[in-house]
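Below is a short walk through one model. Please keep the sequence and coordinates at hand while reading.

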Amino acid sequence: MTPLTTRHVHAPRLDSALDELLANARLAAVAGHAGEALAALRLLLQPQGAWRLPAHGALVTQVQRLLSLVALLAGQGCPAVGEQQAMDAAPLSDWAGEQTGQLLQSLALPGRLQLAPAGEGWSPGFLATLVERQGASGDPRPHVAFGAFCMDAELVLKARIARQRGASQALGEEVPTAEDLIALGLPEGEVAAMLAQLQSAGQIEVAPAAEATDTLDIARAMAAYLQATGFAGGYLVHNIWQAAWLLLAHEGRDGDATEVAAAWLAHDAPAAASGLLDLAVVPAATRLLRAGRLAQAVGVDEMAAADWLAALGTRTVPGPVEPAPPAEVAGTPTESREAWLARLQGTPLAGLDWLVLPVPGHAGTDSGEIAWAAQVPVPERQALWQAARALVDQGSGRWPVVTTLWTGSTEAPDAQALAEDLFMRFPYEQGAARDDVSPRSFVSTARAFDPEDLLAELVEGSYPLDEEDQLDAWRSELEAAGISADDAGFEAAWAECAGDRLRFERWLAALEAAQGVADPGRGRQERFDPDNAWLVLLPTPHSEEALAYLHWYGMERGPADGFIALLRRWREQHGAELWAHYGTMLEFAVRRPPGDFDTALVLAREQDLAAPCTLSLPGIALRHHALGLVGHGTWFLHERP
């Protein structure tokens with residue numbers, strides 16, 4: 001079965017189709033079919049085609065990088081895309097040469113200080129028994145020994161790359177002179193020691209036993225551990241795969257390099273394809289990839305590549321979409337200052353110093369919309385929000401939201417600077433693929449977005465604990481509540497749930513309730529108190545549409561219009577109204593909170609998918625979060641880097 005999937009070729013959302021196409025293009029190129037991969041990527045550049053790449057989105061950046069690498073492997077020129085200009089074969093070769101120098105320098109540079117020579121204590125027996133040093137079942141950190149091996153292995157391979165390219169990792173000309181150090185105030189008696197320390201900075205010390213260990217043996221030991229334990233690894237594993245393959249390719253050991261690449265592809269094909277392709281600018285890697293040595297390991301032959309390319313041609317250009325009905329806006333989004341101040345008379349808002357903020361339109365043009373903003377005392381922010389919320393019911397057409405400025409400045413910004421800060425479009429440009437990133441565009445597309453599509457996308461991109469770790473976490477939660485998991489029939493209950501984690505959370509919640517340890521307060525979090533507060537009245541009467549104007553970090557994980565649609569559903573079902581937006585944190589006033597645990601558990605799952613940090617950072621279990629939602633009139637969501 002070919003790994004070149006076509007499940008999303010006809011997906012209504014272009015992002016899903018493009019994600020699949022790019023993943024397939026990487027696999028095809030690594031398998032030696034760069035010509036077919038380049039033909040697929042060229043479909044994205046057709047101005048009227050079914051695959052036309054929009055002007056904005058994270059995928060645009062991916063395509064720019066991928067197109068250059070694939071064109072290089074195909075021996076063809078690279079067409080223009082985004083901000084990247086077209087390059088014929090000669091300029092593309094020059095670009096590859098520049099990229100090679102930068103890449104090898106980064107691969108050779110140590111990222112941490114050494115406390116001992118890298119690979120000290122290594123031996124053939126050590127590598128052969130690496131798997132035996134995995135922690136016992138239930139050990140909270142079972143891969144500590146493997147992690148130490150990887151830290152040493154990375155340094156050993158970095159030192160070899162540095163020697164291979166004839167480069168020193170030392171700081172060289174950047175090292176200051178003795179006179180420089182004295183001028184900086186360092187005592188003369190300490191200058192010599194400091195100079196020696198600076199001159200050796202960046203040098204990797206490798207133990208003799210590790211120096212004698214072949215690169216292939218290092219990669220084999222790591223691969224054997226990963227296969228035996230099922231451990232996914234991390235960035236160190238990625239770096240070791242990459243360095244080992246490049247070293248072997250450079251030494252002309254094509255068979256050994258192919259073995260390493262095949263093991264990497266078997267472990268994590270998407271990451272391997274991306275990592276191998278990143279090295280395509282290096283001549284030794286270019287030669288191996290062009291030769292198609294990895295076709296069998298990837299599982300893509302000439303017929304599979306041709307069939308995939310033919311399937312891409314069956315996607316049709318979407319038909320014209322009926323425009324969404326206009327938003328119901330009572331009043332006008334562009335009223336004069338006089339009209340605005342007149343509306344505020346008799347309310348606590350009348351005494352505030354209001355700034356009029358221009359709202360950006362498509363491609364930075366003036367949208368004709370404005371927002372009103374005023375700095376408010378932090379302790380009074382919610383009371384003033386409630387006063388502004390009452391105006392919505394009176395026809396203001398402006399949803400109020402409290403936010404904060406993270407600039408650290410004590411001076412209040414002028415209206416233009418504040419508008420640029422609050423309504424910045426750059427984060428939206430890095431999100432889902434689209435041409436128009438103006439607020440009104442997101443408001444319009446959100447009305448046709450099914451929240452279930454967003455939740456499905458978030459599930460697909462989530463990284464839940466594996467079963468063993470999750471069971472250990474549940475056992476620990478019960479122990480903390482004074483409940484013996486074994487006495488409660490833990491294993492039998494899990495077997496009955498047949499892997500359904502949500503169902504098991506219900507069982508755990510019922511158990512805790514029966515034992516008298518269910519505590520709704522355990523799942524509730526205190527609200528955030530900012531250093532400064534601004535009340536912003538947006539040109540929309542709907543709370544969820546604030547996310548079209550003010551970017552929330554949680555939307556890095558999915559399309560902004562999808563999150564707007566999800567918040568719309570929460571408002572319609574529970575009367576959940578966004579009242580505070582702090583960039584990474586959202587707070588809601590909830591008029592109709594869930595009245596029973598089952599409803600709350602479904603909602604808790606949605607909130608965990610939308611903002612995993614809400615539960616993971618404070619260590620709140622899903623069922624505890626759900627219990628805290630029952631009958632509670634405030635919600636708090638948090639998602640951060």
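The text goes from a helix face to a single threonine and then to a cavity.

This is a predicted model, in which local features need pLDDT of at least 70, side-chain atom pairs count only at pLDDT 80 or more, and totals for chains, interfaces and linings use all residues. Residues are numbered from 1 along each chain as its sequence is written, and side-chain values use heavy atoms, without hydrogens and water.

Helix α2 spans residues 34–42 (helices are DSSP runs of H or I, at least four residues, numbered from the N terminus). Its buried residues are A34, A37, L38, A40 and L41, where buried means under 20% relative accessible area with a 1.4 Å probe, protein chains only. They lie on the same side of α2, because they cover an arc of only 160° around the axis, taken from the directions from the helix axis to the C-beta atoms. These residues pack against α1 (14–30), α3 (58–74) and α16 (302–312).

T258 sits in helix α12, residues 254–267. With a relative accessible area of 16%, T258 is buried. A polar atom of its side chain lies 2.8 Å from the backbone oxygen of D254. Beyond neighbours within four places in sequence, T258 is in contact with R293 and L294 (heavy atoms within 4.5 Å).

The structure holds 1 cavity of 30 Å³ or more, a cavity being a set of points on a 1 Å grid where a 1.4 Å probe fits but cannot get out. The volume of the largest cavity is about 70 Å³. Among the residues that line the largest cavity are Y428, R434, F442, H551 and M555, lining residues having an atom within 4 Å of a point.

Definitions and conventions:
Helices (H or I, at least four residues) and strands (E, at least two) are DSSP runs, numbered from the N terminus. Buried means under 20% relative accessible area, exposed over 50%, partly exposed in between (1.4 Å probe, protein chains only). A polar contact is a pair of N or O atoms within 3.5 Å; within protein, one must be able to donate a hydrogen and the other to accept it, and residues adjacent in sequence count only if both atoms are side-chain atoms. On a 1 Å grid over the protein atoms alone, a cavity is a set of points where a 1.4 Å probe fits but cannot get out, and a pocket is an open set with protein on both sides within 12 Å along at least five of seven lines; lining residues have an atom within 4 Å of a point. Grid points are joined across faces, edges and corners, and a volume is the space filled by probe spheres set on the points.
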